[in-house]
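Visitor: I would like a close look at one part of this model, the charged side-chain contacts. Please keep to geometry and cut-offs.

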Amino acid sequence: TRSHTRKGPARRQARPAAGAAPGGAIEGGAAGLHGRLLRALSSLNVASKEWVIRQYDHEVQGRSVIKPLAGPGAGPSDAAVLRPRLNSPRGIALGCGLCPHRSDDDPYWMAVAAVDEALRNVICVGGDPDHTAMLDNFCWPRCDSEAMMGALVRACRGAADAAVAYGLPFISGKDSLNNEFSMDPEEAARLGLPQRMAIPPTLLVSAISVIDDVSRCVSMDLKAADNLIVLASAPVDMLGLKTARGVHSKVADLVRSGRVLAAHDVSDGGIAVALAEMCIAGGMGVDATLHGVGGLDAFDDAPTSYLLEVPQRVAIQSRWVIVGRVTAEPVVRLTTPHGDASWDIGELASAWRSPLARGGA
């Protein structure tokens, strides 16, 4: 594993973003951008999990306030909110963070990113970071080699540093530290697979947050034309834990004050995918300009980054970057350094839903 200082931010490592052309190349022009967003939405890590969600009853006794699918277009919720007692307005937000692709760079920052994502998800629906706790679930290939044990130590340090910096106690967790599979050489040759296969070192972080009044919860679907969309961003792997905590706190205060109409975190697929998901969920469009927004490519996944739908007055007061305007026309229009393109919401929704529409991959 690559060594970084524990306290300082890491240098962002280049890697193919979701929807990139084969080999990681960036396709330019309207046609390239158009196809790139469709591919990103239909990638299995991003695509709708509705077929799986519908297999289970997530509305037991009507206690689900924010459900796994949000808005009239059933977009992907950042977190769920439950109301344990119907005679009380208080609720519990549940969210997760999972970033195994970052293990290839450094398990330390994989763990930090997982903590960051879990916190973002509960903040988006109205959770209070001062009343949030975490659970860890380590899933490792094996621990009987120096490399894998070192990776586990790095991940533990990353999770601990993020928890302390953000003020988030780990209250429980579990581990599964032998996730490898081996087969006879003949069987491996017959299947065309390696004789031994292992999962990437992975930390799943779950967040649980207390919400005082569930009537003030926020979902990720766009709400009304002419509202503005701002990007609140301070990627922890670039700017450090202290700066990231400040953004989390500011966003949480804004959401819980009632001044945010829709909130969505930027994760797999970057800003472009997050915007598309908000449009799919709300059945509304957006005109957005993504030229050098916070140094991020439109398809970069970025820790500590949120998209917030707010009135114009709130957007100006926030001093965050305004990336777009909500439109009543169900069309997404993006202007990026790689080109300009537009998509009908129905086209985006089809790309997002189709890969797992019937449980197939």
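With which residue does R142 form a salt bridge, and how far apart are the closest N and O atoms?

Guide: This is a predicted model, in which local features need pLDDT of at least 70 and side-chain atom pairs count only at pLDDT 80 or more, while totals for chains, interfaces and linings use all residues. Residues are numbered from 1 along each chain as its sequence is written, and side-chain values use heavy atoms, with hydrogens and water left out.

R142 forms a salt bridge with E180, and the closest N and O atoms are 3.3 Å apart. R142 sits in the loop between β6 (132–139) and α4 (146–166) and E180 in strand β8 (residues 180–182), so the pair ties together parts that are 38 residues apart in sequence. A salt bridge here is a side-chain nitrogen of Lys or Arg within 4 Å of a carboxyl oxygen of Asp or Glu; helices (H or I, at least four residues) and strands (E, at least two) are DSSP runs, numbered from the N terminus. R142 is partly exposed, at a relative accessible area of 24%, and E180 is also partly exposed, at 22%. The classes are buried for under 20% relative accessible area, exposed for over 50% and partly exposed in between (1.4 Å probe, protein chains only).

The structure holds 20 salt bridges. One of them joins D265 to R120, with the closest N and O atoms 3.0 Å apart. This pair links distant parts of the chain, 145 residues apart: D265 belongs to strand β12 (residues 262–265) and R120 to helix α3 (residues 107–124). Both D265 and R120 are buried.

Another salt bridge is formed by R190 and E187, whose closest N and O atoms are 2.7 Å apart. Here both residues lie in helix α5 (residues 185–191), three residues apart, which is about one turn of the helix. R190 is exposed, with a relative accessible area of 59%, whereas E187 is partly exposed at 31%. Elsewhere, salt bridges that share partners join D226, D287, R325, E329 and R333 into one network.

A charge can also sit over a ring, as K250 does: K250 lies over the face of W320, 4.4 Å from the ring centre. The criterion is NZ of Lys or CZ of Arg within 6 Å of the ring centre and within 35 degrees of the ring normal.
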